[in-house]
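Hi there,

As promised, I am handing over the structure we talked about. Have a look at it first, and then read on for what turned up when I went through it.

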Amino acid sequence: MKVLLSWLREFAPIEGDPADLGEQLSGLGLAVESIKPIGEGLGGIVVARVLGLRPHPDADRIQIVDVDAGDGEALQVCCGAFNMSVGDLVPLATLGCVMPDGMEIARRRMRGEWSNGMLCSPVEIGLGDDGEGILVLDGDHAPGLPLAEALEMGADVLFDIEVNPNRPDAMSVAGVARDLAARQGAPFSLPEPAVAETGLDATDRLSVEILDPDLCGRFAVRVLDGVGIQASPRWLANRLTALGMRPINSVVDVSNYVMLELGQPSHTYDLAKLAGAGFRVRRAVDGETIETLDGVTRALTSADGVVADSDDMVVGIAGVMGGASTEIGGDTTSVALEMAWWDPASIAASARRLGLRSEASARFEKGADPEVADLAMRRFAELLADTGATLAPGMVDARGNTPERETILVRTGRVNGILGTDLTRDRIGELLGPIEFTAVPNGDDLDVDIPSFRPDSTTEIDVIEEVARMHGYTRIARTRPRSMLTGALSRRQVDRRTVRTAMIGLGLDEVMPVPFLAPGDLERAGLDADGITVTNPLVAEESVMRSSLRPGILKTLAYNASHRLAGLGLFEVGHVYRHPEASQPLPDEREYLAVALAGRDAGDAVGVWSALADALAARDYALVADVVAGLHPTRTARIEVGGVPVGHVGEVDPGVLDAFDVPERVGWLEVDLDTLLGVPHGDTPYQQVSRYPSSDIDLAFEVDDAVPASAVERCLREAAGDLLARLSLFDVFRGAPVGDGRRSLAFTLRFQAADRTLTDAEMADVRRRCIDAVEGSLPASLRA
């Protein structure tokens, strides 16, 4: 939002230099992004008349312009703009003058042709943001007249302010002036237009019917007669240009001026073109069309609000853009002036869908003031009166549903508790009064009524924010919050870091595939096709929420394999999403660890699990043979910690690998971290390191394929007792002389006593106990 200092001073006697005013506005929550002096530095810029135009002989993007700068002689200027015609009046920066941006104009040769000055665009003289073409002046000014005099421009200051979505009132000059006047303690007043009313009463000439009261909370119409389309006065056009709006004609410019000044958008209809001289406000019918003012025919939906005539033909899109059928033109004499309050959500949806967001729709989206229409209409008529327009008496004012404004109890103790101040009840009321928040004492507290132009303030905390703004944030002492707690990682955060550190320490690379899958990905991974479907996916190939990390990691392996990168070790820590229990409204979201070892087998995956279990000190675990969809039917085991299933380890089924075009076997580990980190773990026992030597023995057992290695390991640990220092599986063998359906498992057992060197007899005894335990408990035999 841009505002001029001179315009602000029409509402209140604002005092202070521009820099101080910028600080005050920023302190009020209206952050000033830039402060720009305008109307200064125009000395040496004069009005010139275009005498002739001709192409530059050596440059396609430059033309040579001959102008009369007031001496009757043709002066040659090179120019890169082409929006001029012979006879036009344009600004000429003469030789030696210094432009507002500090550039000095000198005689220059441009591609071999001399340029004796510079023709100026609006942006170059500080008048708006349009730098695309040269400013063409209206009127019949004499060449050589100083530009500042021709434009009726005085020195002014332009503030560019950032307006947050919760401040619809600040989308107007009056709203900004109200806040600034309150900060300075200056009296603030809105304009009181003095407009004579004449002609037939508007209530006898127009009718309004609101069919959807939730869409339109107010629809007010007045009539202007004797309207003539002409150019706006220079002072009004200058203000519009400075605020970034292009002057068009007297009616359109006054509409924009009132919107900028009071925050109330309006729309004008040629009364003679309005069928039945009536308005019907409703929702559109699906497929209904309208040709809008920009000449485009647009299809509407039942979500769009429309304004129709008495014949129910659409003449405007509510709060967005009017229709071409009732557009005012050169033959217009009577105008129906409409000012309305529209439901913000409806306007936002229509503007976004139609791609027609405008200054008007932006104000309706934030929430316009439903009570300012009468003042804004009289202001409109006052500004247009100089063109001969007259205001007819009476106003057709139809009402729908507008947001209710309830009285809010504001507790003095709550204000001071939130802000850290010691304001009294009466002082709080004094701060709220200038911004028109009406405060009435209620014991030690206040009952506060919110003004109609502040729909964003609905609760006590909103009013407390206003107190803080008016009191001044800089006047609130800075304090450091005290806490009895110091920052630290939670146990869960420490465990998650331990998991990642363990995986990285094993040389694995972390991947983060997209958490959405394509239809069919779960089935290709051997999983049930019961993934939760997203109703509004960005792309159809990512419309299913993953119920397993497996498809994403297999896609990653396949992509790398297609680029000749094999033998990768990958891991992911991520969430999976499954259908919830009946009483749970959201998906069942759990965190998993998945590890894929390309070119390696189940034994390698077990090694990764063993390292993870050691890192987390999860010792009481077992691997139980299991059949899992999508994993190898005979090389997969269920992981149980303390008897609680926490995941699976093994290999990916070859059929699944073929479906994903993964050319090598893949060891696989998947762990439900929510479950694993919920069982007892992390209690690491410590013992003294023995000073005595250790002794190793190797035992190889032939077992059925159905017997898990963990079962053999468990028997060996129980039989070895306290003398066992370390146990590891170092070889798995299939083939002759081992029989079909069986395999050889070879273990290394290290024994060590804390108080002595073990004798040969002790080693022989413990060796025999281990062999007997395995052969006696399992279908296993010792290999020679």
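R167 sits in the loop that runs between strand 10 (156–161) and helix 4 (173–184). Please keep in mind throughout that this is a predicted model. Is R167 buried or exposed? R167 is buried, because its relative accessibility is 4%, and the cut-off for buried is under 20%. Its side chain makes a polar contact of 2.8 Å with the side chain of D179. If you set aside residues up to four places away in sequence, R167 touches L28, L30, D179, R454, D456 and R469. L200 is 33 residues from R167 in sequence, and their C-alpha atoms are 39 Å apart in space.

**Domains**

To place these residues, here is how the protein is divided. Domain 1 covers 2–39 + 157–184, domain 2 covers 45–153, and domain 3 covers 202–399. Taken over C-alpha atoms, the centres of domain 1 and domain 6 are 85 Å apart.

**The second largest pocket**

Which element supplies the largest share of the lining of the second largest pocket? That is helix 6, with five residues. Several elements each supply at least two residues of this lining: helix 6 (250–262) and helix 8 (359–366), together with strand 13 (267–270), strand 18 (314–317), strand 19 (321–322) and strand 20 (335–342). By class, the lining of the second largest pocket divides into 17 nonpolar, 13 polar and five charged residues.

**The cavity**

Rolling a probe the size of a water molecule over the atoms shows where empty space is left. How many cavities of 30 Å³ or more does the count give? The count comes to one. About 30 Å³ of space lies in the largest cavity, and its lining consists of S232, P233, S250, V254, L383, L384 and T387. Helix 6 and helix 9 (373–384) are the elements that give two or more residues to this lining. The lining of the largest cavity has four nonpolar and three polar residues, and no charged ones.

**Two side-chain contacts with aspartates**

H648 is found in strand 34 (residues 644–651). With a relative accessible area of 17%, H648 is buried. The side chain of H648 makes a polar contact of 3.3 Å with the side chain of D626. Not counting residues up to four places away in sequence, H648 touches D626, V628, L631, T636, A637, R638, I639, W668, L669 and E670.

T748 belongs to strand 38 (residues 742–751). What joins the side chains of T748 and D698? A polar contact of 2.9 Å does. Beyond its neighbours within four places in sequence, T748 is in contact with D696, I697, D698, R726, L727, S728 and F730.

**Backbone points to check**

A few backbone details may matter to you when you set up the model. The peptide bond from A736 to P737 is cis, with omega near 5°. P737 is placed in the loop between strand 37 (724–733) and strand 38.

E436 is not a glycine, yet it has a positive phi of about 70°. E436 is in the loop between helix 11 (425–432) and strand 24 (438–442), and at 34% relative accessibility it counts as partly exposed. D661, also a residue other than glycine, has a positive phi near 60°. The loop that holds D661 lies between helix 17 (654–659) and strand 35 (666–672). D661 is exposed, with a relative accessible area of 59%.

Lastly, G413 lies in helix 10 (residues 412–419). G413 counts as exposed because its relative accessibility is 53%, and the cut-off for exposed is over 50%. G413 and D445 are 32 residues apart in sequence, and from C-alpha to C-alpha they are 8.2 Å apart in space.

Best wishes, and happy browsing!

How values were computed
Residues numbered from 1 in each chain as written. Predicted model: local features only at pLDDT ≥ 70, side-chain atom pairs only at ≥ 80, totals over all residues. Heavy atoms only, no water. Domains from an automatic or database assignment. Helix = DSSP H or I, 4+ residues; strand = E, 2+ residues; numbered from the N terminus. Nonpolar A, V, L, I, M, F, W, Y, C, P; charged D, E, K, R; others polar. Polar contact = N/O pair within 3.5 Å; in protein donor to acceptor, adjacent residues only side chain to side chain. Contact = heavy atoms within 4.5 Å. Buried < 20%, exposed > 50% of the residue type's maximum accessible area, 1.4 Å probe, protein only. 1 Å grid on protein atoms, 1.4 Å probe; cavity = no way out; pocket = protein on both sides within 12 Å on 5 of 7 lines; lining within 4 Å. Points joined across faces, edges and corners; volume = space filled by probe spheres on them.
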